[in-house]
Amino acid sequence: MNLANWARYGLAATLATAAGGVLFYKRQPHANRDAAPARSARHVRRFGDYRVTGATVSIRATADQIIDCWQNDATLWPQLEYLPFPEGNQDDLLLPPAELRAMASVPMRIRIVTRREGELIAWRSEGEGQADMHGRLRLSDNGSKGIAVEVIMAVRPPHFASALKTEAMMAEALELGLLRDLRRMKMLIEAGEIATAKMRPDAA
Amino acid sequence: MRAATFQGKGTIDVRHMPDPKIVNPRDAIIEVTSTAICGSDLHLYDGVIPGVEKDDILGHEFMGRVLDVGRDSTLTIGQRVVVPFTIFCGHCFQCSEQRYSACDNSCPVEEQEVAEKAFGYPLAGMFGYSHLTGGYAGGQAEYVRIPYSDVLPLVVPDDIPDDRLLFLSDILPTGWMAALNAEIEPGDTIAVWGCGPVGLFTILSAFQQKAGRVIAIDGVPGRLAMAESLGAEPVNFHETDILDALKQMTGGVGPDAVIDAVGMEAHGFSIDNIADKIKQTVGMGQDRAHVLRQAIMACRKGGRVSVPGVYGGKADLFPLGAMMQKGLQLRTGQTHVRRYTDELLDMIERDVIDPSFLISHRLPLDDAAKGYRNFRDHQDEWIKVVMQP
């Protein structure tokens, strides 16, 4: 076999390998084709245009007590940064806390889309808000440590935030805020109060 | 109120600060009757613990009388209490297992992130011990706000003086837990590095827990003399090769358990310690871990290593190979104070132990700066400083 044949067969083999690779890649399930981004594990971080983030804590209480605190404890709501909470008596609507509202350029409406008793509540934003958002709060048994409470939120950021760095910063703030929110809820349920080092109530 | 405040590395000033008030339903306010300077306060004073801010009120060893109570407190006004330095809620998973110094809920959420980055998880709250542990105001003050006052403070009888009770807030349970972590079997030989207050209470506790021999290692003659008075065999590291001495004193076997009651500011002129000192000075490292390295090397095969000394960073040259190859067990942690206080109070009431022997100096709170300076610079005489606000 001369040198020209080697080149010819080599080129064919390379092209065949590349084509096989493309076919193999195409056959794999892709996260960004998922129609409900927030239901996947948050370590994926991204679903197409959506940034996925979240937080988890374990709380020593029953699932009902945890949901009850989130839905009915008015002392919790003013402390929340990003975790949406029930809006008065309108059963299927959640109210976005201030930090989450600030992410959208127009008022954000959030509607509960799935509710499985003692297990899961899922929501998504509606309307013309630029920041489209899906989220869910899932409860699962964690043995003697209580109930694992996981919140995952998938957010398609507003146009101005789509530059990658801004988007990453937004996701980081969201993740930290959700963790803080869950920890405040844990404190309120387990200890009956939210810890503070302030020395006077007017500064608390 | 007057309070000892941090004003920068090596600078303590007693200043007027706002009086604390009830903030949460489980709170109480106490009027401090006695407070002490702890060896670990010197880590803050020396600037080797991060997260201390100007005007932070220091002090985590204190006791006093209840002045005011929140709606859910179970204390009554006028009761006398000793307050553990580790703050805990009493209801989380960690508290349910009596790991009070690992409480999930006592560090304010907004203060948790730095510790979580440094250590993987946030820490429990502590009084007067930097914003890594919540930024709570400390007890070197006239008044202190006590969170979770229905579970945290130890109510003590009126007929026992402060001097015998004050150290239940930290160093006595810390010494006790250090000895427990060494899993002492009757007749064991225990080596304790550091004859400061915690080291001395560790020696006392080791004997209470049936150690046969305790070898005390330090470089300050006055402190070694106190260790000897408790029954320990003193070894001065300035005059002796410690590894050689310990081998010789234990028939070539090594101590059954070793206890590092020194922590992150070890002294001495070994090469590793000089390197650590340089790194600490230029901000490239926090821990001078010479004692821990030496203790691990000295421990017998299959022995136990207990570390009550405070560390805050990532020590270099950690002898992991010696740990693994000799099959050592390492136990450490901030003290779960309240787990041990009932038992220790009982021993004090029955005169089995009297912790007040440790007190070398008494000062008014206004002399806090002098107390800190001398406690650090004149360790031969200034063993333990107690202040009265």
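Axes here are lines fitted to C-alpha atoms, for helices over the stretch in contact, and angles run from 0 to 180 degrees between N-to-C directions. Two packed helices are described by the angle between their axes and the distance between the axes. Keep that in mind as you look at this predicted model, in which local features need pLDDT of at least 70, side-chain atom pairs count only at pLDDT 80 or more, and totals for chains, interfaces and linings use all residues. Residues are numbered from 1 along each chain as its sequence is written, and chains are lettered from A in the order in which they are written.

**Chain B as a whole**
- Chain B has 13 helices and 17 strands; helices (H or I, at least four residues) and strands (E, at least two) are DSSP runs, numbered from the N terminus.
- Its radius of gyration, taken over C-alpha atoms, is 20 Å, close to the 21 Å that the globule rule gives for 389 residues, so chain B is as compact as a globular protein of that length. The globule rule is 2.2 Å times the number of residues to the power 0.38.
- The C-alpha trace of chain B spans about 60 × 50 × 40 Å along its principal axes.
- Of its 389 residues, 60% count as buried, meaning under 20% relative accessible area, with exposed over 50% and partly exposed in between (1.4 Å probe, protein chains only).

**Helices H5 and H6 of chain B**
- H5(B) (residues 171-181) packs against H6(B) at an angle of about 50 degrees, and their axes are 7 Å apart.
- The two helices are therefore oblique to each other: angles under 35 degrees count as roughly parallel, over 145 as roughly antiparallel, 65 to 115 as roughly perpendicular and the rest as oblique.
- Residues in this contact (heavy atoms within 4.5 Å) include B:Trp176 of H5(B) and B:Phe201 of H6(B).
- By class, the contact of H5(B) with H6(B) has nine nonpolar, five polar and no charged residues.

**Helices H6 and H7 of chain B**
- The axes of H6(B) (residues 197-208) and H7(B) (residues 221-229) come within 10 Å and cross at roughly 15 degrees, which makes H6(B) roughly parallel to H7(B).
- B:Pro197, B:Leu200 and B:Ile203 of H6(B) meet B:Arg223, B:Met226 and B:Ala227 of H7(B).

**A spot in chain A**
- A:Thr56 lies in strand E2 (residues 50-59) of chain A and, at 35% relative accessibility, counts as partly exposed.
- A:Thr56 and A:Arg183 are 127 residues apart in sequence and 8.9 Å apart in space, C-alpha to C-alpha.

Technical notes
Heavy atoms only, no water. Nonpolar A, V, L, I, M, F, W, Y, C, P; charged D, E, K, R; others polar.
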